[in-house]
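Here is a short tour for someone meeting this structure for the first time. Have a look at the sequence and the model, then read on.

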Amino acid sequence: MKIRENLEKREAETLSKYAVLSRDSKGRERDEELCDIRPCFQRDRDRILYSKSFRRLKDKTQVFLTPDGDHYRTRMTHTLEVAQNARTLARALRLNEDLCEAIALGHDLGHTPFGHAGERALNAVSPYGFRHNEQSLRLVTMLEKEGKGLNLTWEVRDGIINHEMELTPATLEGRVVRLSDKIAYIHHDMDDAIRGGILSPDDVPEQISRIVGKTNGEWLDTFIHDIVENSTDKDDIRMSDEVYNAMLELRKFMFARVYTNPVAKGEEGKAVDLVKTLYDYYLHHEDRFPGYLKNLLDKGEPIEKVTCDYVSSMTDRFAIARYEELFIPKSWSVY
């Protein structure tokens, strides 16, 4: 018996009846030989981890644009914290930890430079609209590996595209990641806001802190425990009404005090203009696209979508460098 088969057997013996077993996956878009060591979801996790899209997350904004400090979150550290929350919940609920981790690591691959400001910019200018969850799926299916895609399993792809709160993943593992995402950004965005002097723990309204705690560490502990207590041996991932409503109120508080704060978001207008300008430029200069994107055009993909593919893939630093190269005059001197 192969190592993979032993691991699949162990899953069947130990995981909840509501968990997705690796051997029961709906499979990949393209059939391929199974790995002799890794079950399919572990293999998906590794493909995402080694992808170029994942590495670019280290230079993409989470909330604070180009903060002056080493300890603010980036899109990559956010992703790692989502994965950690999801793995903790999966292990406690006896769900498939590898599937949760793969979805978590891949859920934000399609994010633009400059966070949601960049997403709003592309959504405004593209006739097809732009949503980062849809772009994440597009990346893993047809853009990564020079246009070949990662050929991930159906369950991972479903969890990636459905990680937004208004959507419903088909698996409990996907639903774990969907909640883990919200828990992670509420937790670490508060931490960054405190570090940046925008908030203090005492600013959280008493009716919220009475339920979830006064510090972001207490919030995380409350949310995780509440999900475990209300989801164990259930066919859904749930929170108690009291804690869930408190989380929503806390999210509203964060939007009012952090996500729309002029101190934290004062540069977003410039970022929006920069992304729109780059989109317009590359829309009319397809010769500047990488080869695999030119191949998509040759296959009939709309140029508006391919332009979004290119601009959304940029890191903050790369987008700024391209803008400076194209639109900022350089000094001229004679020696």
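Asparagine 151 is buried, because its relative accessible area is 6% (buried means under 20%, exposed over 50%, and partly exposed in between, with a 1.4 Å probe and protein chains only). You'll find asparagine 151 in the loop between α7 and α8. Its phi is near 55°, a positive value in a residue other than glycine. Most residues other than glycine have a negative phi.

Aspartate 233 also has a phi near 55°, again positive in a residue other than glycine. Aspartate 233 sits in the loop between α11 (216-231) and α12. With a relative accessible area of 52%, aspartate 233 is exposed.

A word on how to read all this: the model is predicted, so local features need pLDDT of at least 70 and side-chain atom pairs count only at pLDDT 80 or more, while totals for chains, interfaces and linings use all residues. Residues are numbered from 1 along each chain as its sequence is written, and side-chain values use heavy atoms, with hydrogens and water left out.

## The whole protein

How many helices and strands are there in the protein? There are 17 helices and zero strands; both are DSSP runs numbered from the N terminus, with helices being H or I of at least four residues and strands E of at least two.

A compact globule of 335 residues would have a radius of gyration near 20 Å, and the protein's 21 Å agrees with that (the radius is taken over C-alpha atoms, and the globule rule is 2.2 Å times the number of residues to the power 0.38). Along the principal axes, the C-alpha atoms fill a box of roughly 75 × 55 × 40 Å. Of the 335 residues, 51% count as buried.

## Helix α8 and its cover

Helix α8 (residues 154-161) is mostly covered, with six of its eight residues buried. Those are Glu155, Val156, Arg157, Asp158, Gly159 and Ile160. The cover over the buried residues of α8 includes α2 (40-49), α5 (97-106), α7 (132-147) and α9 (172-195).

Asparagine 133 belongs to helix α7 and counts as buried at 2% relative accessibility. Leaving aside residues up to four places away in sequence, asparagine 133 touches Ile160, Ile161, His163, Glu164 and Leu167 (contact means heavy atoms within 4.5 Å). From C-alpha to C-alpha, asparagine 133 and glycine 159 are 9.8 Å apart in space, though 26 residues apart in sequence.

## Aromatic pairs

The structure holds eight aromatic pairs (rings of Phe, Tyr and Trp, the last by its six-membered ring, pair if their centres lie within 6.5 Å; planes under 30 degrees apart are stacked, over 60 edge-to-face and the rest tilted). Tyrosine 185 and tyrosine 259 make an edge-to-face pair, 6.4 Å centre to centre with 75° between the planes. Tyrosine 185 lies in helix α9 and tyrosine 259 in helix α12 (residues 241-259), so this pair ties together parts 74 residues apart in sequence. Both tyrosine 185 and tyrosine 259 are buried.

Phenylalanine 289 and tyrosine 310 form an edge-to-face pair too, at 5.8 Å centre to centre and 75° between the planes. Phenylalanine 289 is in the loop between α14 (268-283) and α15 (291-298) and tyrosine 310 in helix α16 (residues 303-313), so the pair ties together parts 21 residues apart in sequence. Phenylalanine 289 and tyrosine 310 are buried. Ring pairs also link Tyr281, Tyr282, Phe289, Tyr310, Tyr323 and Phe327 into a cluster.
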